[in-house]
Amino acid sequence: MRIELRDIHKSFGPVRANAGITLDIPSASILGILGENGAGKSTLMKILSGFQSADSGEILLDGRRADIRSPADALRAGIGMLHQDPLDFPPLKLVDDLLLGSPGPLRPDRRMAAREMRALAERFDFDLDPGAYVDALTVGERQQLEILRLLWLGAKVLILDEPTTGISLPQKEKLFSTIKRLASEGMTVLFVSHKLEDVENLCDSAAILRQGELAGTAKPPFDTGTLVRLMFGKELPKAQRSRAELGREVLAARGLCLDSLRLQIKGLDLSVCAGETIGLAGMEGSGQALFLASCAGLERAVSGSVCLDERDVTSRSHHDLKRRGVAYLPAARLEEALVPGLTLAEHYVLSEGGRGFFIDRRAARERAESRIASFNIKGLPESQVESLSGGNQQRALLSLLRDDLSLVLVEHPTRGLDIESTAYVWSKLKERCARGTAIVFISADLDEILQYSDRVLVFFAGRVSPPLQAESLGGEELGRLIGGKGWERFGEPGEAPRAAGRSEAAHA
Amino acid sequence: MRSDRTAKALFQAAAVVAALGITTLVLAATGAPPFAAYANIAKGAAGNWTVASDVVVAWVPLLLVTSGLLVTFTVGLWNIGIEGQITIGAVFATWALRSCQGAEVSPALAIALAFAAGMAGGALWAMLVGALKTFGGVNEIFGGLGLNYVATAINIWLIFGPWKRPGVASMSGTLPFDQKLWLPTLNPQSRLAPVAALLAIVSIAAIFVLLRGTRFGLKLKATGKNPRAAYLLGVPTWQYMMASFAICGALAGAAGAVQVTAVYHRLIPSISSGYGYLGLMVAMLVNYSAAMAAPIALFFAALNVGSIQLPIVLKLDSALSGVIQGTIVLFVILGEGVRSTLAARKKGRTS
């Protein structure tokens with residue numbers, strides 16, 4: 001289906017998310033939509049898929065004016081959107097998830113739906129069982145389920161929003177081959193991403209948005225420099241790997257055993273020194289978040305110990321560890337880290353735990369202003385945190401950290417951030433390393449893991465690799481480990497990893 | 001900004017009119033003369049000094065309870081158990097007064113002890129709900145509701161058992177206290193105790209300041225809006241929930257002590273008089289902010305007192321005030337929902 005977007009405008013208060021975007025997308029093609037955070041990509045896609053309505057402008061499908069007011073309208077018109085976080089129903093069976101959005105009689109024919117689903121899955125070589133439960137699937141498989149669901153509902157246009165976040169390399173390859181096949185069969189695909197490499201590898205053309213406007217379009221062969229210039233209006237220097245001096249041992253996990261509903265980690269050993277950065281790699285839900293939470297005092301260990309500055313803190317509370325200089329930054333910023341409805345200034349008052357019964361509003365405001373300035377946050381002391389963009393929320397989170405930390409634990413430090421914010425976040429984290437703070441972070445982005453870590457732990461279904469030197473670890477090898485290949489050399493599961501894990505050996 | 005506020009005021013006025021409209025329909029459907037009913041309520045609430053002072057008598061416990069509920073609502077808790085907390089506060093106050101009656105204690109000290117005991121009792125009863133929630137995983141709504149029945153049962157048992165009147169126990173409650181132990185009122189006929197009114201005003205003012213300008217209040221707010229993030233930011237969340245239960249329970253207990261020392265001068269079976277549930281409605285109506293609590297509570301108290309006339313004059317049940325209060329709360333909340341939906345839509349269209 002051919003899509004024409006004509007002069008689309010959309011504002012949120014004073015923010016112009018889309019300012020007169022006109023795009024012509026031919027059928028049977030893959031269009032990459034590039035742009036930094038807040039460039040207007042998501043808004044444009046939400047307008048096309050009916051989640052939001054445009055203030056003005058029109059959408060033409062195969063030359064006919066379409067009136068799209070809801071996601072159901074969009075689906076009826078043949079437009080399906082695959083969201084960054086799959087919009088599915090974990091407690092349901094796959095076949096019921098499929099049936100949920102479908103029009104039809106009160107009593108759906110589950111057997112027929114299951115048969116059709118199986119046939120579709122076979123066509124695309126997806127390993128999905130209609131009788132299984134959604135919550136047993138990996139993120140990549142949940143994407144596959146969503147794709148099947150949209151195809152089954154008759155989508156002729158597929159919008160994919162940052163689909164390569166959080167899935168493994170093999171799953172990404174499969175996703176790309178599926179997208180290419182769909183396009184060759186006549187599907188129009190819109191691929192929203194901020195990963196240049198993905199767009200370069202996959203797309204037939206690219207549209208670059210900047211500050212709500214169409215900055216330009218490009219055709220293959222893509223020139224990375226041109227794309228970056230269009231996205232940011234300037235070229236960005238590549239962040240340098242900086243190596244901090246390593247100091248005393250800050251964190252030591254010995255024989256740590258952790259248990260959650262879905263997986264167990266047995267006998268994890270790790271020693272982290274002051275100034276060191278450890279990357280935790282693995283597919284989402286492989287145990288890395290569990291390990292990080294246990295280091296933060298948020299998850300109880302079954303056995304083994306965690307020592308902080310040579311003191312055993314194994315079953316101490318999070319607040320106790322916080323007092324000893326541990327900070328924990330969760331990935332879900334608005335859900336877990338910030339309080340929607342409170343202002344930036346109020347967050348600083350909360351986090352600094354100052355004395356006195358009454359709040360000194362003037363001092364709080366001044367403190368907020370200086371933090372906002374030094375962390376370059378686009379917001380005011382009285383801005384409520386939910387009104388900030390993702391990048392600014394992450395900056396706000398960093399600005400809430402105390403100065404004298406010995407250990408910072410971060411989940412997905414730059415998830416959903418554009419290149420500029422990513423570089424900024426890491427420059428702030430590395431500044432701390434230089435002052436002797438150790439950092440342990442989780443990331444789904446292989447480049448991030450390789451670029452910023454000194455050593456890497458790979459998690460796979462609860463198994464943990466010994467610490468690996470990031471410098472000598474290639475992206476391909478890391479990808480294979482994340483995908484569960486090449487683990488034989490680490491010995492049997494449950495066996496304590498070799499002494500290679502000790503940092504003295506690693507940095508000798 | 002200003003048009004926002006105007007729109008809000010207009011919607012609230014419309015909500016009150018709509019609520020009165022519904023009430024009028026209810027009255028008309030039962031064949032009662034609606035306007036005579038309203039006139040009687042107005043006369044019953046402000047017709048002379050006696051009824052006007054009765055309105056203040058009802059306003060005091062209502063405002064105490066509402067002040068407490070603002071704290072629990074701020075921390076994100078639904079303290080349905082407020083009724084039981086008033087009752088247990090009254091029981092503790094009665095116990096203190098009974099203990100003082102025989103002893104050589106000055107009346108002022110006895111009454112002060114009664115208030116202290118009432119507040120402690122209410123706080124304990126509320127913290128029981130909090131402990132059930134924190135350590136037992138019992139939702140505070142279910143725990144509170146259950147403990148309301150337990151509180152009523154304790155109250156009835158005391159009135160008909162250990163504390164019964166000499167001779168035969170009666171629904172009219174325990175034997176009245178010695179007149180020395182009554183909270184001093186304006187004049188011997190009035191039930192309006194200036195000290196109680198002062199206590200209510202001080203409470204709502206203190207809660208206003210607490211929620212607006214203190215670290216404690218900010219931490220309560222953070223816990224109410226996002227407990228997980230508040231915990232990670234360093235707020236000891238369950239302790240703050242317990243503290244808010246204790247504060248709310250203490251204020252509810254004070255309301256119970258007012259009922260015992262100033263209004264009934266004895267313990268009666270329905271000592272809480274439904275002020276807890278009414279307080280929940282006031283708190284919802286003022287959208288959980290302390291600034292408007294006092295006038296709205298006064299209005300609700302006036303409706304309650306005014307409708308006492310209805311059975312006598314018009315042979316209507318006094319529950320009519322409840323109908324008006326309930327529909328006003330519903331319509332104001334509904335109006336707020338409609339207004340914000342419309343505002344969002346308008347914003348999307350014009351900008």
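How many Å should the 21 residues of helix α6 of chain B span, at 1.5 Å a residue?

1. The model is predicted, so to speak of local features a pLDDT of at least 70 is needed, side-chain atom pairs count only at pLDDT 80 or more, and totals for chains, interfaces and linings use all residues. Residues are numbered from 1 along each chain as its sequence is written, while chains are lettered from A and ligands numbered from 1 in the order in which they are written.

2. Helix α6 of chain B, residues 140-160, should span 30 Å, and its end C-alpha atoms are 30 Å apart, which agrees; the expected span is 1.5 Å times one less than the number of residues. Helices here are DSSP runs of H or I with at least four residues, strands are runs of E with at least two, and both are numbered from the N terminus.

3. The buried residues of α6(B) include B:Gly143, B:Leu147, B:Ala151 and B:Ile159, where buried means that 20 or more other C-beta atoms lie within 10 Å of the residue's own, exposed means 12 or fewer, and partly exposed is in between, with C-beta atoms placed from the backbone. Seen down the helix axis, the buried residues of α6(B) fall within an arc of 145°, so they line one face of the helix; the arc is that of the directions from the helix axis to the C-beta atoms. The face turned away from this buried side carries the exposed residues B:Tyr149, B:Ala153 and B:Trp157, and the cover over the buried residues includes α4 (82-102) and α5 (107-136) of chain B.

4. The domain assignment, whose bounds come from an automatic or database source, gives chain B a domain 1 (1-32 + 316-351) and a domain 2 (54-309).

5. Chain A is divided into domain 1 (3-232) and domain 2 (249-325 + 402-507), with 33 Å between their centres, taken over C-alpha atoms. Here eleven residues of domain 1 are in contact with 13 residues of domain 2.

6. Between the two chains, the contact takes 22 residues from chain A and 21 residues from chain B. On the side of chain A that touches chain B, α12(A) gives the most, with four residues.

7. The largest nonpolar core has 189 residues, of which A:Leu409 and B:Leu62 touch the most other members; a nonpolar core is a set of buried Ala, Val, Leu, Ile, Met, Phe, Trp, Tyr and Cys residues joined through C-beta atoms within 7 Å. Helix α10 (residues 237-264) of chain B gives the most to this core, with 17 residues. Leaving aside neighbours within four places in sequence, the contacts of B:Leu62 include B:Tyr275, B:Leu278 and B:Phe300.

8. Some backbone details deserve a look. The peptide bond from A:Pro220 to A:Pro221 is cis, with omega near -5°, and A:Pro221 lies in the loop between β10 (213-218) and α8 (224-232) of chain A. B:His265, although not a glycine, has a positive phi of about 60°, and with 21 C-beta neighbours inside 10 Å it counts as buried.

How values were computed
Contact = placed C-beta atoms within 7 Å.
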